[in-house]
Each structure stands twice: as structure tokens, then as C-alpha cells.
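Subject: Structure handover and notes

Hello,

I am passing on the structure that we talked about, together with some notes on what turned up in it. Please look through the sequence and the model first, and then read on.

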Amino acid sequence: VLITMSSDKEEVQVTLEDQKKINLFAKKNGNLNEIETELEEIKKALQNIEDAGDDLLLLEDEDSEAIPYQLGEVFIQHNLEETQGLLEKEKDKYEQRMKQLKEEAGEIESMMKELKVQLYAKFGDNINLEA
Amino acid sequence: KLGPYINMGAVDAQVRLELQKEFDEIQKVQKEIQKSAELQKKLDSQLNQNTVVKDELEFLEPESNVYKLTGPVLVKQDLGEAKGTVSKRIEYISAEIKRQETLVADLEKQLNKHKESVSKIQAKATAVAH
Amino acid sequence: QGQEINLTTLQLPQLKMLHDQFDSEIEYLTSSMQSLKGAQTQFESSKRCLLKSMTPENEGKSVLVPLTSSLYVPANLVDTNKVLIDIGTNYYVEKNISEAEEFFKRKSDYVKQQMEKFQPILQHKFKTRQLIVEVMQTKL
């Protein structure tokens with residue numbers, strides 16, 4: 001998001017209130033970017049979990065008894081059912097987090113929209129708050 | 001960095017507009033070149049890593065146990081399949097690298113064209129100003 | 001760059017630019033060398049660890065396994081002849097002790113080779129940068 005102010009139009013006073021709003025807008029935009037980055041990572045993780053699930057189905061019976069599952073720095077072996085259960089649990093955890101992040105993002109977006117309305121109302125063409 | 005070498009005040013607004021347009025294009029193309037350079041660096045590193053893996057797989061006896069970490073799961077792989085997958089990755093990455101190289105060569109041609117335009121416009125403007 | 005430049009023909013600002021360029025190249029090479037050295041240390045340490053702990057006498061012995069860098073759990077060493085090695089791009093391979101030892105030696109040698117390749121280049125850049133500084137001083 002580019003926030004620019006031009007000075008070659010009519011003189012408009014920037015009050016402390018205005019500056020606070022502009023700073024808040026920039027900060028919220030930063031938060032939004034962080035959320036988007038995390039959402040991207042979660043998307044990748046969910047894809048990996050799905051791929052893992054698919055790959056598991058292709059395993060030979062003999063290999064399905066002791067499947068190493070990563071826990072911190074170690075791998076703990078589980079059978080196919082248990083492994084699939086663990087994957088489901090992780091998938092749920094990620095989907096929960098994703099929902100939470102999307103809600104937060106929604107709140108931030110409406111706050112930013114409101115700030116835009118106020119700032120454009122006062123400064124009009126003198127300010128640019130677009131991505 | 002190209003900058004105006006003439007007294008802009010003495011120059012036609014039209015010329016100023018043309019120059020600005022060319023400068024904007026130059027900046028745009030330079031950004032694209034930069035982006036491609038960064039991507040190429042990443043691709044080179046991936047190519048390296050995959051080649052290392054390919055070589056390591058060659059050292060293995062056919063009955064060796066190979067695993068691929070997908071998400072949190074270590075899934076057993078067939079050695080032949082693993083070799084195949086890695087070879088394909090290497091092919092794909094190499095092709096991508098070539099594509100980027102072609103793209104950059106193209107972009108640099110564009111860059112030169114714009115730089116020439118700027119020179120022409122400036123030359124014309126200086127001639128007129130006198 | 002294959003062109004020869006006579007440093008004395010350059011002006012001070014150009015010399016400064018060249019100096020800065022060498023500065024950043026040296027910084028980059030030095031940090032790469034450090035990474036290589038770090039990797040070599042790790043491979044050597046893995047090899048030593050392997051040889052010391054994965055012996056038939058230690059079969060069945062109890063160990064503390066790190067779940068994270070600050071959390072350990074008790075376990076027993078089962079099968080001291082097999083290890084699982086990360087060979088890159090998410091591929092892991094099971095090896096016996098002697099194969100694993102060979103692997104770490106291979107990696108360590110490769111990294112050493114790379115360092116030996118870049119050391120003279122780094123030296124040369126240091127010398128050249130020094131030369132530039134000397135020429136710059138004559139122009140002050």
C-alpha cells in the first residue's frame with residue numbers, strides 16, 4: 001500500500017488526529033500483510049498434509065506398520081490408522097488457525113476501510129491510500 | 001541512472017511527458033530484471049540441492065530404504081521412483097532457468113531500446129532549445 | 001570480469017565505487033566461507049558422534065532423546081547398526097554405520113574442496129582492494 005500525500009494542491013492542515021489515523025492505517029496494513037503471509041504458509045502445510053495422506057495410501061502393507069511421524073526433532077512410529085488420525089488432527093488445527101486469521105483479517109479490513117473514508121473525506125486528492 | 005541533462009524549464013511540456021513515460025518504462029523493466037535475477041538465484045540453489053540428492057541416491061544399493069518427508073510423515077519410497085522424481089525435478093528446474101535467461105535477455109533489449117529513445121528525445125529537445 | 005583496468009587512470013569517485021564493489025564481494029565470499037566451515041564442522045561432528053555412540057556394546061542401552069532443544073525423553077537404543085540420514089530436499093535414507101560414515105566423509109570432503117576453491121579468489125580480492133586503497137591515497 002502506498003500512502004502518498006501531495007502538496008501542490010490547496011493547503012490542508014494535517015492535525016495530530018489525522019497523523020494518528022494515517023499511522024494506524026499503515027500499522028494495520030502491516031498486520032494484514034503478516035496475516036497473509038501466515039495464511040500462505042498454512043495453505044502449503046495443508047497441501048503437504050493432503051499429499052502425505054495420498055502417499056500413505058500407496059504404501060505396501062509391510063511398510064504400513066511403522067510409519068515415522070515427525071514430532072519436534074524426532075520421528076515416532078505409528079501404524080497406518082494412527083498416522084491418518086494424527087494427520088487429521090493436524091489438519092483440524094491448521095484449519096482452526098486459518099479461520100481465526102481470516103476473521104482477524106476481516107476486522108482489520110473494515111477498520112482500514114473506515115479510516116480510508118475518513119481520510120479521503122478530509123484530504124481528497126491530496127492523499128493516496130491504495131495498494 | 002539516467003537523469004535529465006537539459007534545462008527542463010526550457011522544454012516543451014509534451015517532451016517532458018514523453019521523457020517521463022520512457023523513464024517509467026525503464027524503471028519497470030529494471031524491476032522485472034531484478035525479479036528474474038532473484039528467481040534465478042533461488043532456482044540455482046534448488047538445482048544444486050536436487051543434484052546432490054540425485055548423486056546420493058546413486059550411491060545406494062537397490063534394496064536400500066528411502067523415505068520422503070511429506071508434511072510430518074516419512075513415507076517410504078521405492079528407490080527407482082525416488083530417482084525418477086528427482087530427475088524430473090532437475091529437468092523442470094533447468095528448463096525454468098533457461099526460460100528466465102531468455103526473459104532477461106529480452107528485457108535487456110527492451111531496456112536498451114528505451115534508453116535510446118531517451119537519448120533521441122533529449123537530443124531533439126536540445127536542438128530545439130537552441 | 002576479464003578486462004584489465006589501470007587503477008591509476010581512474011578518478012577518486014570511480015575508485016571509491018570500485019572499492020565498495022570489492023567490499024561487498026569480499027563480504028559475500030567471507031560469509032559463504034563461514035557457512036561452508038560451519039557445514040564441515042557439523043558433518044565432522046555427526047561422523048564422530050556416530051562412531052562413538054552407535055556401537056554394538058550400546059545396543060539396548062537407555063538414552064535421552066531430544067524432542068526439542070529443551071525437552072528430552074527416555075528411550076532405548078534399538079539396532080545400533082542402522083541410522084536415518086537427511087540427504088536433502090526432504091529425502092531420508094537408511095544406512096548402516098559404515099555407509100553413514102562414508103556419507104559424512106563425502107560431504108566433509110566436498111565442502112573442504114569448495115573452500116579450497118574459493119580461498120585464493122578471496123585472497124586475490126583482498127589484495128586488489130588493498131591496491132585500490134593505495135591508489136586512492138595517492139589521489140587525495
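This is a predicted model: local features need pLDDT of at least 70, side-chain atom pairs count only at pLDDT 80 or more; totals for chains, interfaces and linings use all residues.

Residues are numbered from 1 along each chain as its sequence is written, chains are lettered from A and ligands numbered from 1 in the order in which they are written, and side-chain values use heavy atoms, with hydrogens and water left out.

Chain C with chain B

The contact between these chains, where contact means heavy atoms within 4.5 Å, draws on 14 residues from chain C and 19 residues from chain B. The size of an interface is often given as the accessible area lost when the parts come together. For chain C and chain B the buried area, which is the accessible area (1.4 Å probe) that two parts lose on being put together, summed over both, is about 1500 Å², with 59% of it on carbon and sulfur atoms.

The interface of chain C and chain B holds 4 residue pairs in polar contact, both residues being at pLDDT 80 or more. A polar contact is a pair of N or O atoms within 3.5 Å; within protein, one must be able to donate a hydrogen and the other to accept it, and residues adjacent in sequence count only if both atoms are side-chain atoms. On the side of chain C that touches chain B, at least two residues each come from β3 (82-88), β4 (91-96) and α2 (97-139) of chain C, and β4(C) supplies the largest share, with 5 residues. These labels follow DSSP runs numbered from the N terminus, with helices (H or I) of at least four residues and strands (E) of at least two. Sorted by class, this side of chain C has 6 nonpolar, 3 polar and 5 charged residues, where Ala, Val, Leu, Ile, Met, Phe, Trp, Tyr, Cys and Pro count as nonpolar, Asp, Glu, Lys and Arg as charged, and the others, Gly among them, as polar.

Strand pairing also crosses between these chains: strand β1 (residues 66-70) of chain B and β4(C) run antiparallel and are joined by 3 bridges, whereas two strands pair if DSSP finds at least two bridges between them. Within this pairing, Y67(B) has Y92(C) as its bridge partner in β4(C).

Chain C and chain B share 1 salt bridge, a term that stands for a side-chain nitrogen of Lys or Arg within 4 Å of a carboxyl oxygen of Asp or Glu. Its side chains are those of R106(C) and E56(B), at 2.8 Å from N to O, and the pair reaches from helix α2 of chain C to helix α1 (residues 13-58) of chain B. R106(C) is partly exposed at a relative accessible area of 22%, while E56(B) is buried at 5%; buried means under 20% relative accessible area, exposed over 50%, and partly exposed in between (1.4 Å probe, protein chains only).

Chain C with chain A

Here the contact takes 5 residues from chain C and 5 residues from chain A, and about 380 Å² is buried between the two chains, 79% of it on carbon and sulfur atoms. There are 0 salt bridges between chain C and chain A, and 1 residue pair is in polar contact. Strand β1 (residues 62-68) of chain C gives the most to the side of chain C that touches chain A, namely 4 residues, and by class that side has 4 nonpolar, 1 polar and no charged residues.

Inside chain C, β1(C) runs antiparallel to strand β2 (residues 71-76), with 6 bridges joining them. V63(C) stands opposite A75(C) in β2(C), and the two strands form a hairpin with 2 residues between them.

Salt bridges elsewhere

Over all chains, the whole structure has 14 salt bridges. One of them joins D18(A) and K122(A), whose closest N and O atoms are 2.6 Å apart. D18(A) lies in helix α1 (residues 16-57) of chain A and K122(A) in helix α2 (residues 80-123) of chain A, so this pair ties together parts that are 104 residues apart in sequence. D18(A) is buried, at 5% relative accessibility, whereas K122(A) is partly exposed, at 37%.

Best wishes
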